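Biologist: I'd like to go through this model with you, a few questions at a time. Shall we put it on the screen?

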Amino acid sequence: MFPESSTGISYEDCKGTADWLLSQTSVRPLVGIVCGSGLGGLADMLKDQVAFNYKDIPNFPQSTVAGHAGRLVFGMLKGRPCVCMQGRFHLYEGYAIQKITLPMRIFSLLGVETVILTNAAGGLNQDFKVGDIMIMKDHINMPGFAGNNPLSGPNDDRFGVRFPCMSDAYDRELQQLAVDVGQELGYGDFLREGVYCVLGGPSFETIAECRMLHKLGADAVGMSTVHEVIVARHCGMRVFALSLITNKAVMDYDSEEKANHKEVLETGQHRSIQLQKLVSTMVNRMEYNNTNA
Ligand code: HPA
């Protein structure tokens with residue numbers, strides 16, 4: 001008998017949700033995609049869609065942020081079976097960290113092998129421009145430093161090990177594939193790579209905080225993705241993640257710039273078509289273990 005997880009949602013509950021979803025659609029997804037702020041258009045690319053509002057899915061949390069639709073969409077992307085979260089959950093919405101990452105466990109139980117996550121982020125690296133797309137090669141988990149980790153609480157070995165490795169969190173082959181596909185599509189000028197730092201939000205960073213994060217080795221800062229990556233890796237899925245740099249983090253007391261959510265959404269719309277093309281081409285080209293792909 002396993003103790004219940006800190007979400008109050010056990011392995012059996014997650015399995016129940018996955019089985020319920022599988023009973024409603026014939027799609028057997030091998031790729032799970034999480035759409036960031038203003039990047040939900042990726043889900044609209046899926047063919048032969050079967051979509052569920054989060055509120056109709058047993059045990060699923062619900063999204064509360066403008067610009068995040070709150071639908072789980074199954075369908076085919078460039079011939080590959082996918083499931084896509086159109087709208088994700090954030091710490092700043094007030095959910096327990098275990099709850100916002102629950103969809104990763106459900107992805108795993110649906111049969112997903114590879115998770116692709118996108119987010120909007122502020123650029124700390126001074127070479128980055130608004131509109132750049134950053135391939136995440138690593139992360140800094142700030143809430144984790146303070147003990148807020150999605151794997152806190154009893155570990156259920158059916159999901160994964162107690163102490164999972166994170167030095168290989170971001171799949172190297174998928175990063176290389178992104179570089180190759182990006183070059184082919186002519187995106188070389190705005191495709192970057194770097195380290196993403198997650199904070200709790202919802203307030204944007206102060207100037208002193210941005211300076212500190214930059215000194216610590218972060219290239220971009222945001223309020224999502226890392227928690228999901230940790231849980232996805234815990235259950236053994238491959239991970240690839242992209243940040244769209246929607247604003248430059250303010251590092252200078254003379255600057256007139258101010259981070260705001262409207263700018264984040266507008267930049268998302270501007271680059272979203274290219275981001276969708278990059279992700280969908282990668283999905284088509286990826287190698288799959290499951291031969292049904
Ligand atoms: N900071 C934190 N999160 C963000 C930012 C930012 O500047 N831009 C988009 N998401």
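This is a predicted model: local features need pLDDT of at least 70, side-chain atom pairs count only at pLDDT 80 or more; totals for chains, interfaces and linings use all residues.

Biologist: Which residue with a positive phi follows α7?

Modeller: Helix α7 covers residues 207-215. After α7 comes a residue whose phi is near 110°, and that's Gly217.

Biologist: How wide is the arc that holds the buried residues of α7?

Modeller: The buried residues in α7 are Ile207, Cys210 and Leu213. Looking down the axis of α7, they line one face of the helix, because they fall within an arc of 125°. The cover over those buried residues includes α5, β7 and β8.

Biologist: Is Ala120 buried or exposed?

Modeller: Ala120 sits in strand β5. Beyond its neighbours within four places in sequence, Ala120 is in contact with Ser37, Leu244, Thr246 and Val264. Buried means under 20% relative accessible area. Ala120 has 16%, so call it buried.

Biologist: Which side chain does the side chain of Ser224 join in a polar contact of 3.3 Å?

Modeller: UniProt, in an unreviewed entry, lists Ser224 under "binding site", along with others including Arg88 and His90. Of the listed residues, Ser224, Arg88 and His90 are among those in the lining of the largest pocket. Ser224 is found in the loop between β8 and α8, and its contacts include His90 and Tyr196. The 3.3 Å polar contact from the Ser224 side chain goes to Arg88.

How values were computed. Residues are numbered from 1 along each chain as its sequence is written. Side-chain values use heavy atoms; hydrogens and water are left out. UniProt positions are given in the numbering used here, feature names are shortened, and annotations may be inferred rather than shown by experiment. On a 1 Å grid over the protein atoms alone, a cavity is a set of points where a 1.4 Å probe fits but cannot get out, and a pocket is an open set with protein on both sides within 12 Å along at least five of seven lines; lining residues have an atom within 4 Å of a point. Helices (H or I, at least four residues) and strands (E, at least two) are DSSP runs, numbered from the N terminus. Buried means under 20% relative accessible area, exposed over 50%, partly exposed in between (1.4 Å probe, protein chains only). Contact means heavy atoms within 4.5 Å. A polar contact is a pair of N or O atoms within 3.5 Å; within protein, one must be able to donate a hydrogen and the other to accept it, and residues adjacent in sequence count only if both atoms are side-chain atoms. The arc is that of the directions from the helix axis to the C-beta atoms.
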